[in-house]
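Morning, everyone. Let me put the model up, and then we go through it piece by piece.

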Amino acid sequence: MHLFHTSNKITNFVPTSRDTRKYNMSSTAGKSDGELLTEIPDELKKLAKYVMRGFYPVEHVLIVDLLVRNVIMKDDDLAELLKFDKKQLRIMLNKLKNDKLLKSTLRVETQADGKTNRHNYYFINYKVFVNVVKYKLDKMRQKIESRERESTSKALYRCVNCDKQYNEYDTGDLMDFMTGEMKCTLCGAEVEEDETAAPEKDTYMQIALFNEQMRPLFDLLKEVEHIKLSPEVLEPTPVIVSDAVRAKQAGSQRGMAGWSGSNRPNYDLYNHEVTINMGGENKDSQENKEVKERPRWMVESTVDGAVTEKETTVGSMESKQTAGANSKSQKQDQGEIMRALLVHERKSGGKPNIVAAALSENESDESASDDDFPNSSSVTKRDERMEMDEVDDEEEEEEVMVSVRGQMLPFSEVTEHYVAEMTPEEKDIYIKLAQEAYAAMHD
Amino acid sequence: MFFHVSLEHEVLLHPRYFGPNLLNTVKQKLFSELEGTCTGKTGFVIAVTTIDNIGAGKVVPGTGFVKYPIKYKAILFRPFKGEVVDAVVTQVNKVGIFTEVGPLSCFISRHSIPADMEFDPNSNPPCYKTKDEDIVIQQDDEIRLRIVGTRVDAADIFAIGTLMDDYLGKLYT
């Protein structure tokens, strides 16, 4: 009971029998007291999280959560994982540092290309953290107590006549028990309550509310009281993590964060082989993905004359793979352009021999330059497929028929005369086809 | 809170009382001088229980009085902040309730009375009561209050109390 609690200092905690029981239990669990711990116990992590969630906005909470999970991180890593703007992140980190919750060490690294980078590595020194929390809670409690004390000594009554202010304690002197009114000692006029100095209703309850709300924090503080941490844990050294591993770790962390608790150690960080990839690997997977995922109906456009997507992607992939041979890629591009132009030209009604000649020219060029290239088998296959698609396209074009009063006519031959003869449904179909062709032409 | 404490006091005895009944007179003087008084240090002296020792009297030069140092035990009443006491209502006012805890006067400000109790000036006698008239506090009622603060004058102590806690307020016996 808090009847006579005038100084309920958190630091003067005398263990009761209940607490020594807890104490003994933890010692039998393998960590004997007096020994320095090399791993951060869960209570400390829990305390850090509780404190942050109780008193800080969500961005700071996230920063500290990450630092609880990874012992030490540099500001770039934090920015990358949290997707915060670097400047904002720096402001938040400085605030946490000013509040003495985080510590940082500066580390100068020399990269492979000779450039020196200065990075701030941030970590939580749990001993300091606990002390800061105790101090701040104590300060809060003192402030509330002093406010409560002041509320009783505030001037609450005022003389009507001479404006002299009186305290609650003075009411005993002022009160005239005969009349039931308070009389001013100076002028004898009535003393009334001062409305402007009315006390806040809840200052009285605040200390009880404070104790009530902070109880989980007080309990956690009691639990961590006896924990002693080894110096390595209090001042961790930064770990150099290579770029690829960092990316992998970031990805895995994001995946793990959803369904694993903070208790699971981050194996990726400690058991890894350092592999540095130049980037070709990523592209390979990307290309494979592309080749697999394109279904037939996407590959071949249902619209007249549109350049098939497969052509363009295949062409672009090819251009990537033949990184060295620029001339070949240029020729490829030219071939594409020609083909696109051909398709549109054909629609307008002509079958120019020039076009065919140009096509065959390109084909021969391609086959010639194919031989130059060592890994060309796949490329040639793609070429053939392209040509086949091209042919398909032309065939398709010719096959697009419009029905005019039951009669099937090729699209290109439908004139105004025929349009007049169409039934309404046929006209609708014709109009739609025409619009699609028009749109494709202007793509 | 009550205390039973050993204290010392000096009684000055006028020569007119010199005679066979001297020590009795000294005791009587002690009782009358102490019982019912109050100091900041001791609080209210309720009663002197025993007189342990009356020392040798010394004549004070210049006045002729004799000074007797007396060791005695007395019951004291001293209020403390945070203490819960039972009190009797002496006056009900719009600014609050005036109560007495034995020799101690205690005032409960209107702001320290639960909000559901309102001052009713029209009732006879004036009282504080809840809306549904479940609880009525008027003069000569016994209430339980918590002492929030004390002020010590030269020979008096005055206290401020509150009813804003659980189990405080009117007592039913």
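Start with the strands. β2(A) and strand β3 (residues 116-123) of chain A pair in the antiparallel sense, over eight bridges. Pairing takes at least two bridges in DSSP. Helices (H or I, at least four residues) and strands (E, at least two) are DSSP runs, numbered from the N terminus. A:Val108 stands opposite A:Arg118 in β3(A).

Ground rules now. This is a predicted model: local features need pLDDT of at least 70, side-chain atom pairs need 80 or more, and totals for chains, interfaces and linings use all residues. Residues count from 1 along each chain as its sequence is written, chains are lettered from A and ligands numbered from 1 in written order, and side-chain values use heavy atoms, without hydrogens or water.

Back to the sheet. It is open, three strands, order β1-β3-β2 in chain A, with antiparallel pairing. The edges are β1 (72-74) and β2 (103-110) of chain A.

Next, the core. A nonpolar core joins buried Ala, Val, Leu, Ile, Met, Phe, Trp, Tyr and Cys through side-chain atoms within 4.5 Å. Buried is under 20% relative accessible area, with a 1.4 Å probe and protein chains only. The largest core has 47 residues, and A:Ile63 and A:Leu78 touch the most other members. α6(A) gives the most, seven residues.

What does A:Leu78 touch, not counting residues up to four places away in sequence? Among them are A:Ile63, A:Leu66, A:Met73 and A:Tyr122. Contact means heavy atoms within 4.5 Å.

Notes: Buried means under 20% relative accessible area, exposed over 50%, partly exposed in between (1.4 Å probe, protein chains only).
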